[in-house]
Structures are given as structure tokens and as C-alpha cells.
2 protein chains.
Amino acid sequence: MTTTDVKDKQAAYRDELVKQGLLIPTGVDGLYGRSGVFEDVIERFDALITVWGRGDGAEVMRFPPALNRRAFEQSEYLKSFPHLAGTIHSFAGDERAHRTLLRRLEEGQDWTEDQVATDVVMTPAACYPVYPTVAARGPLPGEGRLIDVFSYCFRHEPSLDPARMQLFRMREYIRIGTPDQVMEFRELWIERGRDLIASLGLPVGIDVANDPFFGRAGKMLSSSQRDQKLKFELLIPITSEESPTACLSFNYHQEHFGHLWDIRTADGEVAHTACVGFGMERVALALFRHHGFDPATWPAPVRAVLWG
Amino acid sequence: MTTTDVKDKQAAYRDELVKQGLLIPTGVDGLYGRSGVFEDVIERFDALITVWGRGDGAEVMRFPPALNRRAFEQSEYLKSFPHLAGTIHSFAGDERAHRTLLRRLEEGQDWTEDQVATDVVMTPAACYPVYPTVAARGPLPGEGRLIDVFSYCFRHEPSLDPARMQLFRMREYIRIGTPDQVMEFRELWIERGRDLIASLGLPVGIDVANDPFFGRAGKMLSSSQRDQKLKFELLIPITSEESPTACLSFNYHQEHFGHLWDIRTADGEVAHTACVGFGMERVALALFRHHGFDPATWPAPVRAVLWG
């Protein structure tokens, strides 16, 4: 199948989701409103994740969809993914500057170039605010930490593929501790993730993967990430059997964040971290694709899992 | 009481919320993580609003915390509140530009000035994406429309007051129709809002209000808005009895949005609009202030209303 075929299928599925009223177009590719039906599926899937993780005693943290710019700068995200990041800018002028802004807007000129960067940037992945928060608490307890987060994330990658939104939600569990603690967590969630998605009547594959690092140097980072098996993805076919969509990811960051934020284990070692991320919209899109656009008609076992 | 006293009390309450673990500091004033306890209160209050509005048959729409920049430009928000708006900018360069960005970052220089405005801006109020969406559907049905939205909103106003966050959530019902339909809706919700908040054991006041329009011309807009009683607020004391906090607002926009988006009633007239907005974090802060930091110890009637 050619790239064009894949893109056509993605665009066709997006159009169908809009026609069915599940997604509301805004005029920007990758930016959609959601219907009440769509949101109900997201909420029920979110609750299902909670059920599977309940026994682990994770600490719940909920951050807004933006984070401290200084913390973001320190995270090294800009080294790897400058093209995806979103910085929030604001007007900082007086009444005269305001008149200039309005005149430019009126005349169809660019009014945005005088906007000034604020102290906040869009959250690129739900776990980013967690590392400085945990670091600020001092050394980890012996059992490490397990954090539960959920937020809208932004990535600047306008696309016709409904599974590649510019603003989408990510639920994550983040494990911070010794290499053993962190690897055990990741293995556990690879198994759980597979079982959880299978319980929804969806086809599941797991594969090694890499992040979309920027530029030529990024290609080497991608290869290294694959070779070391640092990233696995749970794949579900949505618009293509040949190119299934990554709906969950299981990431082992080694010492990356522990080193950046100086997070230490109880023994004084640099902490390791791992996370499991659930692409909420992607799983919803997979459910609509495989079971139909009306959840009332989904198979009884799937309905029972989600609506109890 | 002086302004300094008010600000001291606001900062003291913020510090107490952080100490109690309900808010998680990020290093930026007005940007906080929330604990699981805080989020549970938000979720239960959100569900309570749904109960009060259930009989009205509102259509649920859920938008991400950003909207189409062209739609935002058309909304005239920049005329009135340029200082509060947030535009999302992104890197648009090649590998050479990327090296420059990283060098500036490394050397502590401003790396943000080459960021380019994207097609999306932060949502300033939850109802903003609704008007173009409803307009795109053509003339209103005879009964008009009633829409239910909920989203994070951004306003660039860093503050020590925990009730003035840069990123906060707003639930809204929006009524779009004839002047009679819209005014009836607003009167209904002023009464309902008062009863709803009273059911939570909180002191309630309702007063005419105005938006924080920018500049000297804005002062006239504010006076006009007050004189015409276009905006009412439901006030609850949080950090000050003398300066209670606006927790709900009831806004009559007259033909403003109907005219901007050319929304027409079934009779071909320009539609009027009104909305009721619930400041989710503000109501949660009021509950913690009046009933204590641990919801398990809140008065039984309040617990019954929220947790059933």
C-alpha cells in the first residue's frame, strides 16, 4: 500500500467521524471538538485504566495542559523535538501597541510577531510536570514512587489523520526508582496493557519503537533507542492493517530524567524512570473503528467492560 | 482593608493549599498541579452541575483547550482583552536554525523570538469554540440551541491569588436563540446557581459586574456593560469577606456573537446569546475554605450533595 493510500484512508475515516458527529471540525487539521458520545467513551476507558492500576497505590496528580517554561527548557525536549513543541506567547504592550495590533489584524497583516513568550509552554507529554515535582521532594523512599497523571498534550503536527491530533489526551503511570523497580513496572504494564486492550475486543500487537527525533542527529538517537529496546508500543489497526496505530507506549528512560532533575533513590543513586502512556483519543478511535460508531450497539462483553 | 492586606491573605491561602498538598507548585504563579483530593471535588461538582441542568436537553460538546486562530481573531477578543490572550508558537526552522536555538538556550539568551505563531490559540473562555460551530450548522431551529461545554482556559494574568490561575477550568451552558429565550435562560440560571451553591453550604451573593476590558476605552465598555446589566456574578468569600470572589457568571452578550458569526434564528433575525459559566477551581477553593481541607470531614449535608 502506498503512502497516498494510507493518507486517503486516514482522511476518509476523519470525514466519517465528522459526519457521524463524533468529531467537530474547527477548520484546523488535528484540532477537533468531541461529542458527548465520544467523551463518554474516553471517560469510561479512563475509569477502566484506573481499575487495572488500582492495587498499585499510585499517587494521583493532575496538571493543566501547560508547564513551567524553565522546567521545559531543562527537560531537553527542545534538543529532540523542537518541531513539536508549543510555546505560549502574550501581548505585553501599551494602548499604542494595542492600536497597532488591531490595525494589523484589520489589514490582514501578521499581528503575532510582537507577542512575547510567557513563562508557560504547552505540555508535550503528560509526565513532564512530574519529574521536577518529585525531585523537589528530596530523595525517593525505598519503594520509589508511582504517579498517575492525565492531561491534554500539544504537538505541532497538523495532519489529516484523526489519530494524529495537535491536542489530545494522555493518561500515564510513571515509575521512579531503582532500575529493577522500573523495569518490573514496565514489564507488568506491557502484559496488562495487552490484556486490557484485548478485553475491549480489539486486536493487539506489541513492537519495539522509536520516538520521532528531529533531524539527522535524531536518526541516530532513534536507532539507538530501538537497539536498546527502550520504547515499546501497543499497536491497533485503525485506518490500516499494514500500518497499525500506536495506542499505548511503554518507555524506559534509564537515567535521563533522574539525571536532569537530580532525582536520587534512597541509596543516593540517580533514579531511573519509566512510564506507560495511554493515547486516549487513539483508543477511542480504535473502538469506533472496530465496533461501530454507536456504542449502544457494541458487543455486549465490550459494553460490560466499559459500562459495567 | 488595604490592597496589601487582601494580597497577603490570598498568598497565605495559596501557601496553605500547597502545604496541605491540594495544589502542587510549578514555580510559576497561577500554574499548579492538583492532588487527587482536589480533582475529586472538581469532578463531583461537575457532576452536580450536570444534575441541575439535566432536564434541559443540552447538547454536550467538549473542545480541547485551544481554538482556531482565525476564529479567535474574528471573535474580537483581541479588541477587549489583548493582555489576557495566549497564542501558541512553534519552531519552524531547519537543522541550522535548531543549532542556533540550542546555542541560545545554552547561553541563557532568548530562544523564543524565532518561534512562529501556529494556527491555534489558547481558549480564553469555554464557550468560544461553540459560536462558529453552531453558525456552521445554518439557521437555528425554532427552539434555539443549548450547548454544554467544559474546558481548561488560559488567561495571562500571573497572580499570587489561588483564585486567579493562568490555567483553570470552566464549565458552561450556552443559550443561543431569540432575546426572550436567552433572557429566560439567564434568569433561570441565576436562580439555579444561587440554589446550587447554597446546597453546598456556601454563602452566596449575586451582583452586577463587568469584564476587565483593556485600556482607557475599556473603562467605557465596562461602564456600559454594568449600566445595561449584561453581566452578573455569583460571589463567594474565599480569602476576603469584603472582596468576595466571582465563582459563577451569567452573561448576556446580546447580538455580539450572533452578529460576528452570522448566527440566525429560525425567523432570520440575528441570534442573541447568553451563557452561565462555572469557575471550577474557584468553587473548589471556596469549599476548602469554608468546610476545611479534608472533604471527609465536610458537613454531612454537603457530602451528601456531592458524593450522594
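A helix axis here is a line fitted to C-alpha atoms over the stretch in contact, and angles between N-to-C directions run from 0 to 180 degrees. The model is predicted.

Q: How are helix H2 and helix H11 of chain A oriented to each other: roughly parallel, roughly antiparallel, roughly perpendicular or oblique?
A: Helix H2 (residues 36–53) and helix H11 (residues 300–307) of chain A have axes that come within 8 Å and cross at roughly 70°. Angles of 65 to 115 degrees fall in one class. H2(A) and H11(A) are therefore roughly perpendicular.

Q: Which residues of H11(A) meet H2(A)?
A: On the H2(A) side the contact uses Asp40(A), Val41(A), Arg44(A), Phe45(A) and Leu48(A). By class, this contact has six nonpolar, no polar and two charged residues. The H11(A) side supplies Val305(A), Leu306(A) and Trp307(A).

Q: At what angle do helix H2 and helix H11 of chain B pack?
A: In chain B, H2 spans residues 36–53 and H11 spans residues 300–307, with the axes 8 Å apart. The two helices are roughly perpendicular to each other. Their contact joins Asp40(B), Val41(B), Arg44(B), Phe45(B) and Leu48(B) to Val305(B), Leu306(B) and Trp307(B). The packing angle is about 70°.

Q: Which strands stand at the edges of the open sheet?
A: The sheet has six strands, paired antiparallel, in the order S4(A)-S6(A)-S5(A)-S5(B)-S6(B)-S4(B). An edge strand has a single partner, so one side of it is left without a neighbour in the sheet. The strands in that position are S4 (66–68) of chain A and S4 (66–68) of chain B.

Q: How large is the average twist from one strand to the next?
A: The open sheet includes strands of chain A and of chain B. From each strand to the next, the twist averages 50°.

Q: Is Gln166(A) buried or exposed?
A: Gln166(A) sits in the loop between strand S7 (145–154) and strand S8 (167–177) of chain A. Its relative accessibility is 3%. Since the cut-off for this class is under 20%, Gln166(A) counts as buried.

Q: Which residue has its backbone oxygen 3.0 Å from a polar atom of the side chain of Gln166(A)?
A: Leaving aside residues up to four places away in sequence, Gln166(A) touches residues including Val28(A), Gly30(A), Cys153(A), Phe154(A) and Pro158(A). The backbone oxygen at 3.0 Å from its side chain belongs to Asp29(A).

Key:
Residues numbered from 1 in each chain as written. Chains lettered and ligands numbered in written order. Predicted model: local features only at pLDDT ≥ 70, side-chain atom pairs only at ≥ 80, totals over all residues. Heavy atoms only, no water. Helix = DSSP H or I, 4+ residues; strand = E, 2+ residues; numbered from the N terminus. Parallel < 35°, antiparallel > 145°, perpendicular 65-115°, else oblique. Contact = heavy atoms within 4.5 Å. Nonpolar A, V, L, I, M, F, W, Y, C, P; charged D, E, K, R; others polar. Pairing = 2+ DSSP bridges. Buried < 20%, exposed > 50% of the residue type's maximum accessible area, 1.4 Å probe, protein only. Polar contact = N/O pair within 3.5 Å; in protein donor to acceptor, adjacent residues only side chain to side chain.
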